[in-house]
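Please keep the sequence and the 3D view open while reading.

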Amino acid sequence: MTTTLILGGGFGGLTCARALRAALPPEHRIVVVDRAPLFFVGATKTWVMIGEKTSEEITRQRATLLPAGVELIQADVVRIDAATREAQTTAGTFRGDHLVIALGSEQEIGAVPGLPEAAHSFYGLLDALQLRTALETFGGGRIVLLIPRVPFPCPPGPYEGMLLIHDLMTRRGLREKCTLDVWTVEKSPMATAGAEMGKAVEVLLGERGIGFHPLKKVALVDPSRKAVRFEDGSEALFDLLIAVPPHRVPRVAVDSWLAPPEGWIQVDPSTLAVKSPSAAPHVYAIGDVTSVPLPGRWAPDVPLALPKAGVMAAAQGEVVAANIAAAVRGEGPVASYDGSGYCFIEVGGKRALRGDGSFFQMPHPVMSATPPDEACYRLKEEWVESMLAPRR
């Protein structure tokens with residue numbers, strides 16, 4: 001009997017487990033390890049933030065999202081041995097003939113001095129619920145959305161969040177009493193997608209009177225003065241501060257010598273095999289835990305990496321599952337990751353646009369977007385429902 005061990009039950013881990021179970025007979029053991037019993041689609045956090053959905057509506061027990069014949073272990077991953085394809089967890093040690101690392105990224109909001117004390121966020125379910133309360137009681141003033149570090153999951157997420165806050169304040173009759181501004185370390189929104197996509201997002205912001213301030217590196221946040229101080233000496237004053245928390249690779253990946261302290265797990269862009277001298281064959285990493293280099297560039301001296309997004313992780317999970325299934329059958333690789341993906345950006349009024357990207361294109365990534373409409377919003381709803389549909 002052979003075993004696939006999947007560390008992490010997010011988009012990538014769930015999709016990989018589902019595809020493997022469909023492709024291989026019951027004799028092949030599939031084990032998924034995740035610390036949390038609940039799963040939620042990150043793209044729904046803005047719905048919770050503005051009160052359109054409750055937490056019960058957008059969460060599912062992770063066990064119900066896996067098909068029969070997949071074992072789910074609720075535990076923390078303590079150590080990974082890529083040479084033996086073993087993982088030490090708080091529920092014991094597990095070993096696979098194939099190992100898939102899909103641990104996502106971790107928030108490190110304390111990386112910016114003063115940020116934990118001053119800022120709300122919507123990058124976690126509890127964060128989104130707390131921000132919803134803050135927005136419900138907000139009577140007017142300066143709302144600042146801060147992006148202090150890159151990369152972060154879901155590159156369009158902050159801009160969608162501010163567009164929906166604009167819509168919320170408009171519906172509440174408070175928009176004229178508010179200023180809305182985005183301050184970001186980025187050169188443009190969704191910079192990897194290119195200037196055309198970035199300009200499209202800037203137009204959406206500008207049409208609604210939302211300020212956009214790029215290339216602003218944060219030095220610290222002063223909670224007592226309600227001020228964000230930037231390295232160039234300028235400041236942004238706020239009455240309500242919303243931040244995208246800095247994200248980092250999970251500590252266990254660093255402790256296990258799979259990633260540098262300030263980096264991510266390096267993988268082959270086509271196969272997602274881990275590129276580490278200590279890694280045995282059949283060790284893969286997918287999703288946010290990775291850094292996937294892109295062949296093209298917008299500027300010759302600025303390398304690009306694949307954006308971190310759930311749809312990317314799911315597509316990678318499908319590729320890895322296909323190749324593991326082929327290996328179990330004694331065949332060679334049958335699938336390769338093509339670097340394509342898409343995202344939705346809601347603009348309010350139950351309308352959204354969809355951006356479709358081909359990130360392995362040369363000489364640079366290519367991404368196109370549709371105009372916002374209700375049809376794209378329904379597509380987003382259907383996509384979320386598909387991820388939350390029971391599999392047992």
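Searching the whole structure, which is a predicted model, gives 2 cavities of 30 Å³ or more. The largest cavity holds about 60 Å³ of space, and the second largest cavity about 30 Å³.

**Largest cavity**

- The lining includes Gly287, Asp288, Thr290, Ser291 and Val292, and also Leu306, Pro307, Lys308 and Ala309. Met312, Ala313 and Gln316 belong to this lining too.
- Strand E21 (290–291) and H9 are the elements that give two or more residues to the lining of the largest cavity.
- H9 provides the largest share, 3 residues.
- By class, the lining of the largest cavity has 6 nonpolar, 4 polar and 2 charged residues.

**Second largest cavity**

- The residues around the second largest cavity are Gly42, Ala43, Lys45, Thr46, Phe122, Cys154, Gly157 and Glu160.
- At least two residues of this lining come from each of helix H2 (45–49) and helix H6 (157–171).
- The lining of the second largest cavity divides into 3 nonpolar, 3 polar and 2 charged residues.

**Second largest pocket**

- The volume of the second largest pocket is about 240 Å³.
- Its lining is made up of 13 residues, and those nearest the centre are Glu108, Val150, His247, Arg248 and Glu262.
- Of the lining residues of the second largest pocket, 7 are nonpolar, 2 polar and 4 charged.

**Helix pair H1 and H9**

- H9 (residues 310–328), which also lines the largest cavity, has an axis that comes within 7 Å of the axis of helix H1 (residues 11–23), and the two cross at roughly 30°.
- Because angles under 35 degrees count as roughly parallel, H1 is roughly parallel to H9.
- The crossing of H1 and H9 is right-handed.

**Sheet E14-E15-E16**

- The 3 strands form an open sheet in the order E14-E15-E16, paired antiparallel.
- Strand E14 (218–222) and strand E16 (235–237) are the edge strands, each pairing on one side only.
- On average, neighbouring strands of this sheet are turned by 15° against each other, direction ignored.
- Between strand E15 (residues 227–230) and E16 there are 3 bridges in the antiparallel sense. Leu237 in E16 is the bridge partner of Ala227.

- Strand E6 (residues 77–81) and strand E7 (residues 86–89) run antiparallel and are joined by 4 bridges.
- Opposite Ile80 stands Ala87 in E7.
- The hairpin of E6 and E7 has 4 residues between the strands, and Arg85 in the turn has a positive phi of about 60°.

Note on methods: Residues are numbered from 1 along each chain as its sequence is written. This is a predicted model: local features need pLDDT of at least 70, side-chain atom pairs count only at pLDDT 80 or more; totals for chains, interfaces and linings use all residues. Side-chain values use heavy atoms; hydrogens and water are left out. On a 1 Å grid over the protein atoms alone, a cavity is a set of points where a 1.4 Å probe fits but cannot get out, and a pocket is an open set with protein on both sides within 12 Å along at least five of seven lines; lining residues have an atom within 4 Å of a point. Grid points are joined across faces, edges and corners, and a volume is the space filled by probe spheres set on the points. Ala, Val, Leu, Ile, Met, Phe, Trp, Tyr, Cys and Pro count as nonpolar, Asp, Glu, Lys and Arg as charged, and the others, Gly among them, as polar. Two strands pair if DSSP finds at least two bridges between them. Axes are lines fitted to C-alpha atoms, for helices over the stretch in contact, and angles run from 0 to 180 degrees between N-to-C directions. Angles under 35 degrees count as roughly parallel, over 145 as roughly antiparallel, 65 to 115 as roughly perpendicular and the rest as oblique. A crossing is left-handed if the near helix is turned anticlockwise from the far one by less than a right angle, and right-handed if clockwise.
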